[in-house]
Every structure is written in C-alpha cells, then in structure tokens.
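Work through the exercises below with the sequence and the model open. Each task is followed by a stepwise solution.

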Amino acid sequence: FFFCLLQNPLLTDYASSLNTLTHFNPIFCSVLDSESGTSSPSVRFSKTCLKNVFSVILLFIYLLLMAVAVFLVYQTITDFREKLKHPVMSVSYKEVPLYDAPGIALYPGKAQLLSCKHHYYDHIPPLINPGQPGEIECTTQRINYTDPFTNQTMKHALIVQGPRDVKKRELVFLQFHLNETDQDFSAINYLLFSSFQEFLNSPDKAEFMKDCESSYSSWKFSGGFRTWVKMSLVKTKEEDGSETVEFKQETSVVNYIDQRHKPASDQLFFVVFEWKDPFIQKVQDIVTANPWNMIALLCGIFLALFKAADFAKLSVKWMIKIRKRHFKRRSQAMNHIS
C-alpha cells in the first residue's frame, strides 16, 4: 500500500496541478476565484477547497508513513543484532553404511576377560561353559597410563575394537569373570571414543587415552547382569570451526540366572555394544539473520523516506507560496475598497 501510494499519479503531478493550498479555515475557503476574479461573500466548499483539504490530509498521511518507516528501520536493525547474538541450533542426520570402528576402553580391575566375539543381526548364541575362558576374536590392546585428574594413580585399560557394520547389526559381546572382591558393589567402568584406528596410529597411546578420559564420559555395567549398550554418534561443530564427538547411549539390563555352584564373591559380567541406527547426528549453530534481506529492506524504507520527505517539502513550499498570494490579493482588494 505504501509504495502504491507513492506511485499515485495524482501525487506525482501534484506540483503541476495544484492551484491553491492554504490552511483549512474560513479565510482558506473564501479565496478569490482565479477564473472570475471575484471573491465569494460566503464560506463554501468549492472544488479548489476540497482539493486543498485532500492535499492536507495526504500530507498528514505521508508524515505518518514516515514515522512508521523510521520505526521499521529501528526494529529491523534491533532484530538483526538480536539474531546475531542468539544463533539457532541446527540438527541434521547423515546416514552411513559403515561406522569408523569406535574404541571401547574398559577398566576391569581384578576382573578377567573370558571371551569377546562379534555377532550379527542381534543374535547371541547360548553360553557354553559360562565362567570358563573362551575365544577372544576381538582386536584388543592393553595400555597403562596415569590418571589425568590426579597424575598419581596408575590406570590399566583394556582397549577393544567396537562394531562397524550397522546394516548387519554387528555387535560385540564381552564376558568378564571376577573371582573375589573387597568392595560392596561390583561394576566395571568403560568409556567410548570415536576411532579405534586413531588409537592404533597414535605415537603416544598413553597420552591419547588421557585426552580421551578428559573429553569423554565414563559409564559402568554391573555383575550378574547382561548390559546391552546401543550407541549413537553426535558431532557438534563449534564456533571456531572445530568438531567435537559425543556418544549417546541407550542401555537395557537383563538379569543373568547363574546356575553354577560358586561362592558369593564369584561374579560374571556380560556386556553388549551395538550401534543404535545408521544415522550420525550433526549439530551446529546457524545465524538466521540474513544481511542481504536486511539491506534490501532498509533500501526500500530509505527510498520511501526520501520520497515522502520530498513530497512534504514540496507541499510546504506550495502552502507558503499560495498563502502569500492570498494575503497579497486580499490586501489589493482592501486597498481598492478604500
């Protein structure tokens, strides 16, 4: 509506078609008729009077639109600054057929690894001779390093290569045995890091594990249960362009019915690691403020402001000019009468 009003031919040709413009009062409506040369004795709304009234109304409309345009400029700049300060979190998902095999760092303590196998399609065969050493088909490596938080305690970690093939629902099944413990609760700590291959290629594996323990969270699984861990990967892009990796987990716990004749301190631990789905979640902050949209809007607003200011300036000049002409004719009429 605003731009259509600016392009109105009545307003564009206003300066050439306007004959008389004064304030709306009795004197204004009793101006001399330019064609007859005589003055009207009574106040009447002539065609010229209505044109002048309409012009004054349009002038006030333009002033109002100018105020609205100034407010829009202020509001646009304020919104742009707020959007720059508060970016919006964007979440996307990338489907992959194969994951880079994660590293599983386990801290068994006095517990012994009995077996480690890869299975597919969520199928785990029945246990044979539970509590006895079995086959270890996983790629494992043991590493010792000092605790990154105390720098005094020595930690002993068992690093296991995690599953890769998410399409075939590959899983890693581990069994531990703990014969005796001096603790009230038995559990094994573990943490996940993004790439087992990076661990193998690292020249200083102890320092690599210290960095992983400082960056990733650790979890536990208890004895006497089979803990099924379903992993999902989240990659977050930081403001400086770097990328951080985080694991999310869903765990389900099933009680193991131990039918062995054993002492009370003898415990078996079962844990399964599997990918939840083939989607990597990517999180990044994006700025929704588009500078080009703001520039285009400001250009339109300023163009309207200049157009309105030019019209208002022209209208004021005509008002002053016609008012001087009116007073001049009135003075001549008075001199003629006298």
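**Exercise 1: strand pairing**

In strand E12, Gln284 is the bridge partner of Ser90. The model is predicted: local features need pLDDT of at least 70, side-chain atom pairs count only at pLDDT 80 or more, and totals for chains, interfaces and linings use all residues. Residues are numbered from 1 along each chain as its sequence is written, and side-chain values use heavy atoms, with hydrogens and water left out.

Task: state how E12 pairs with E1 and with E9.

Solution.
1. Strands (E, at least two residues) are DSSP runs numbered from the N terminus, and two strands pair if DSSP finds at least two bridges between them.
2. E1 (residues 88–95) and E12 (residues 279–286) run antiparallel, joined by eight bridges.
3. E9 (residues 225–237) runs parallel to E12, with four bridges; Thr236 has Val283 of E12 as its bridge partner.

**Exercise 2: the disulfide**

Task: find which cysteines form a disulfide, and give its handedness.

Solution.
1. The criterion is a pair of cysteine sulfur atoms within 2.5 Å.
2. A search of the whole structure finds one disulfide.
3. Its partners are Cys116 and Cys138, with sulfur atoms 1.9 Å apart.
4. Cys116 lies in strand E3 (residues 112–119) and Cys138 in the loop between E3 and strand E4 (140–146), so the pair ties together parts 22 residues apart in sequence.
5. The torsion about the S-S bond is about -95°, so this disulfide is left-handed.

**Exercise 3: cysteine burial**

Task: are Cys116, Cys138 and Cys212 buried or exposed?

Solution.
1. Buried means under 20% relative accessible area, exposed over 50%, partly exposed in between (1.4 Å probe, protein chains only).
2. Cys116 has 0% relative accessibility and therefore counts as buried.
3. Cys138, at 9%, counts as buried.
4. Cys212, at 7%, is buried too.
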